Amino acid sequence: MAFGSLPRSRKRQAAPSSSDSQKGSPRRGIDDPVILKRATRVRRGAIAVSCFCYLVAVVLLILVEVGNTHISNVQSDIFFFKLDLSDILPQSAPTSLTLQNSIARTLGLHDFYQVGLWNFCEGYDTDGITYCSTPTALYWFNPVEILMGELFSGASIALPSQVNDILTILRIASNIMFGFFLTSLVLNFVLMFVAPVVLYSRWWSLPFSFFAMLSTLLVLVASILGTAMSLIFKFALTSQTDLNVNAEVGTKMFAFMWLATAFTMLAFIIHAGLGCCCATRRDVRTGLKGGRYHKQLAANNDPNKTATSG
């Protein structure tokens with residue numbers, strides 16, 4: 001009797017050991033944070049890169065916005081173009097004028113004028129910038145009004161006819177450029193914080209890619225307008241050799257706005273790619289992507305494999 005009951009007692013003891021082994025190694029579901037983190041690793045990396053691109057673009061666009069607005073070592077060097085009138089040749093000048101350090105001073109003008117997004121600044125070669133106009137939304141630089149208003153009574157200069165012809169174009173281009181730069185700055189700032197939402201579902205990539213493309217187009221068009229406006233203005237003034245006016249484009253401003261364009265475009269390309277590539281959390285849960293993780297889970301949750309290992 002004792003020997004006959006021995007196998008039964010062993011079976012009774014073996015049964016709970018199998019269940020205990022299953023309890024000791026709990027099954028990991030597809031909602032497990034570790035599994036989701038591994039499956040979406042590439043997508044999270046791409047989102048991090050895009051956020052960094054937006055951050056750099058925001059910093060560069062802020063420099064574009066604040067450039068030339070105040071007298072400082074940094075802001076004063078950020079401008080679209082600079083007019084050097086120190087050696088300008090007048091069309092007429094009264095004999096009562098007292099000769100100053102430069103021809104421009106003698107006529108009542110400043111030696112140079114430089115233009116930013118919000119205002120213009122003026123100054124002398126010996127003293128640097130002495131005055132910046134009040135920053136104004138939708139600002140545009142009118143050289144005829146400013147220069148003619150500063151000339152002493154009886155003095156006159158002959159501005160090229162090309163300058164008068166492009167004043168209307170200059171005003172429209174300046175207003176569009178101002179609005180596009182500011183809107184792109186706001187969009188990039190918002191997208192930088194909203195970008196992680198595309199990690200959860202591919203459906204978020206479509207509207208996000210649209211706004212990323214919109215921001216790219218805005219900053220691209222604004223940069224093109226700023227570049228074209230500066231180069232056209234420089235050509236119109238320097239084409240008249242008898243006026244003896246020099247013009248300089250702002251290399252720092254050009255570098256900031258085109259780098260901002262490049263980083264914004266790179267962020268858009270990344271999010272456009274995320275619309276069809278890289279698994280999202282929803283893809284992993286529904287099995288659309290991340291198949292190897294589903295196979296791994298199936299193997300880990302196989303009761304036969306668990307019982308055998310137990």
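At what angle do α7 and helix α8 pack, and how far apart are their axes?

1. The model is predicted: local features require pLDDT of at least 70 and side-chain atom pairs pLDDT 80 or more, whereas totals for chains, interfaces and linings use all residues. Residues are numbered from 1 along each chain as its sequence is written, and side-chain values use heavy atoms, without hydrogens and water.

2. Helix α7 (residues 167–194) and helix α8 (residues 205–238) pack at about 145°, with axes 8 Å apart. Helices here are DSSP runs of H or I with at least four residues, and strands are E runs of at least two. Axes are lines fitted to C-alpha atoms over the stretch in contact, and angles run from 0 to 180 degrees between N-to-C directions. By class, the contact of α7 with α8 has 20 nonpolar, 7 polar and no charged residues.

3. F193 lies in helix α7. This residue counts as exposed because its relative accessibility is 57% (exposed is over 50%, buried under 20%, partly exposed in between; 1.4 Å probe, protein chains only).

4. N68 is in the loop between α3 (41–66) and β1 (81–84) and, at 0% relative accessibility, counts as buried. L138 is in the loop between β4 (128–132) and α5 (143–150); its 46% relative accessibility makes L138 partly exposed.

Conventions:
Nonpolar A, V, L, I, M, F, W, Y, C, P; charged D, E, K, R; others polar.
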